[in-house]
Amino acid sequence: MHRFDDATKALALDIVDYVLERIRVEPPLDHPRTPAELRAAAGRTVTPEGLGGTEAFAVFTDVLAPACLSVDHPRFLSFVPAAPTEASILFDVVVAASSIYGGSWLEGAGAVFAENEALRWVADLAGLPDGAGGCFVSGATAGNLSALVAARDAAARRRAEQGTPRPHRWLVAAASSAHSSVAQAARVMDVDVVEVPVPEVAPFTGEALDAALAGLGDRSADVFAVVATAGTTNLGVVDDLDGLGRVCERHGLWVHVDGADGGAALAAPSVRHRVAGGERADAVVVDPHKWLFAPFDACALVYRDPALARAAHTQHAGYLDVLTDRDEWNPSDYAHHLSRRARGLPFWFSLAVHGTDAYRNAVETTLQVAQEGAALVRAAPHLELLVEPRLSILAFRRTGWTAADYRAWSDRMLAEGTAFCVPTTCQGEPAMRLCIVNPRTTVADIAVIIGTMS
């Protein structure tokens with residue numbers, strides 16, 4: 001297996017051809033298939049003797065790949081799409097071929113240096129100080145968990161220094177509109193969430209947080225962190241980051257900004273004011289694999305004071321002393337992980353190739369499409385715009401449709417290869433949500449989708 005021979009060379013050429021063709025042309029949207037259908041078409045793929053490179057690759061290209069939706073398709077507008085640049089895709093291949101271990105400076109100094117260059121740009125966008133830093137993790141779920149672990153550890157250390165015991169149950173405060181990963185992190189950490197009720201179409205404000213803390217009475221001292229959202233997943237609502245930050249400063253609380261979806265808006269001058277206040281954060285996450293045009297999976301996790309994260313996350317063992325005894329930047333020290341791929345390198349490479357101005361322009365393009373799409377919705381008598389787009393989420397309702405109507409329409413759109421647009425709910429009612437983060441998505445694409453709903 002571990003040799004480069006003629007068969008390996010032929011397979012490599014086939015794979016390179018596939019990669020080049022995949023990024024050269026617009027891919028088909030494709031569609032999922034049932035397990036039975038895939039079993040019948042693929043047959044048994046893991047065998048004692050192996051299929052050989054040619055046959056195994058054919059199974060992927062002919063059977064498995066078409067059963068995976070093309071998330072970078074211009075009309076893939078559900079959940080949060082991806083639109084990696086060609087440069088980032090190609091460099092992802094380089095990263096895989098280079099067998100780089102991205103957990104320590106000792107083993108991957110060049111890769112870590114480059115990742116830190118990209119992290120510095122994100123930190124600068126957020127307004128964090130020169131000493132800010134962190135690492136890339138797989139996604140905002142891992143980033144939010146890691147940041148909250150660091151926040152709780154910092155709070156526990158402060159209590160220990162003050163001679164104050166830990167609470168029976170730690171608390172983290174978040175709005176009812178916060179991402180589901182916040183509640184998931186709380187379950188993993190065995191802490192409780194103070195869920196502050198916030199209308200889905202409105203931001204989480206400093207005033208609401210103040211009231212929630214006051215309502216806790218003495219238990220407000222058990223709150224170790226507050227989660228603010230820069231762009232809610234469903235509607236793109238941006239919380240009152242500045243107001244929340246001020247309240248947290250007054251109470252001595254860690255403020256974590258989940259900017260997984262909307263943090264990229266910091267790169268766009270037209271909407272940067274809407275995500276102002278991130279400079280007050282103790283930690284920020286932004287997912288380049290969403291709106292900053294990187295391949296899966298890359299979440300930038302940046303701390304105001306990385307030393308607090310390092311104290312919480314560094315793993316200790318005799319075989320790790322050679323790493324932890326050095327005063328070097330080890331990405332494994334800044335999140336809940338040890339082994340890690342240098343997943344930030346494709347993002348760094350694309351930034352280095354194209355420059356940050358190109359990123360600004362690409363984000364602005366998607367914002368403009370969202371605004372023009374909203375105008376189309378307002379002009380359509382059968383549609384109702386639910387909220388003015390703050391960022392790049394377009395949410396609207398088809399008058400008279402039930403949840404079943406939306407599902408039937410959505411299934412038909414995918415089956416026909418027209419678009420991937422799954423329904424959502426807004427304030428308990430069925431609705432349509434389009435997430436526009438692909439610069440190749442045009443107003444004409446939105447018009448086609450809206451036209452099918454008449």
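Helices here are DSSP runs of H or I with at least four residues, strands are runs of E with at least two, and both are numbered from the N terminus. By that numbering, F293 is in the loop between α10 and β7. The model is a predicted one.

**Backbone in the loops**

Most residues other than glycine have a negative phi, and most peptide bonds are trans. F293 has a positive phi, near 65°. The peptide bond that runs from F296 to D297 is cis, its omega being near -5°. D297 also belongs to the loop between α10 (288-291) and β7 (299-303). F293 has a relative accessible area of 3% and is therefore buried.

A positive phi, near 50°, is found at S99 as well. S99 lies in the loop that joins α4 to α5 (105-126). Its relative accessible area is 66%, so S99 is classed as exposed.

**The loop between α12 and α13**

D333 sits in the loop between α12 (321-324) and α13 (345-354). Is D333 buried or exposed? With a relative accessibility of 3%, D333 counts as buried, because the limit for that class is under 20%. Apart from neighbours within four places in sequence, the contacts of D333 are A309, R310, H313 and T314.

R341 is in the loop between α12 and α13 too. R341 has a relative accessible area of 31% and is partly exposed. Its contacts, with neighbours within four places in sequence left aside, are D92, V95 and A96. The C-alpha atom of R341 is separated by 43 Å from that of D405, and the two residues are 64 apart along the chain.

**Salt bridges**

Side chains of opposite charge can pair when their charged atoms come close. The whole structure has 26 salt bridges. Three of these pairs are set out below.

| Pair | N to O distance | Relative accessible area |
|---|---|---|
| R157 and D153 | 2.5 Å | R157 41%, D153 19% |
| D287 and K290 | 3.0 Å | D287 1%, K290 14% |
| D357 and R360 | 3.4 Å | D357 48%, R360 29% |

R157 and D153 are both in helix α6 (residues 140-162); because they are four residues apart there, about one helical turn separates them. R157 is partly exposed, whereas D153 is buried.

In the pair formed by D287 and K290, D287 is buried and K290 is buried.

Salt bridges also link D242, R246, E249 and R280 into a network.

**A nonpolar patch**

Which residues form a nonpolar patch on the surface? The patch is made of V16, L20 and L90, and together they have about 240 Å² of accessible area. L90 is part of helix α4 (residues 86-98). The relative accessibility of L90 is 37%, so L90 counts as partly exposed.

**Pocket and cavities**

Rolling a probe the size of a water molecule over the atoms shows where empty space is left. The largest pocket holds about 880 Å³ of space. Its lining has 27 residues, and those nearest its centre are Y18, R22, F60, D72 and I89.

Which helix gives the most to the lining of the largest pocket? That helix is α1, with six residues. At least two lining residues come from each of α1 (6-24), α3 (53-64) and α4.

How many cavities of 30 Å³ or more does a search of the whole structure find? The search finds six. The largest cavity has a volume of about 90 Å³. It is lined by 14 residues, with D261, G262, S392, I393 and C435 the closest to its centre.

Technical notes
Residues numbered from 1 in each chain as written. Predicted model: local features only at pLDDT ≥ 70, side-chain atom pairs only at ≥ 80, totals over all residues. Heavy atoms only, no water. Patch = residues over 30% accessible without salt bridge, like charges linked within 9 Å, V, L, I, M, F, W, Y side chains within 5 Å. Areas by Shrake-Rupley, 256 points an atom, 1.4 Å probe, with all protein chains shown as cover. Salt bridge = Lys/Arg side-chain N within 4 Å of Asp/Glu carboxyl O. Buried < 20%, exposed > 50% of the residue type's maximum accessible area, 1.4 Å probe, protein only. Contact = heavy atoms within 4.5 Å. 1 Å grid on protein atoms, 1.4 Å probe; cavity = no way out; pocket = protein on both sides within 12 Å on 5 of 7 lines; lining within 4 Å. Points joined across faces, edges and corners; volume = space filled by probe spheres on them.
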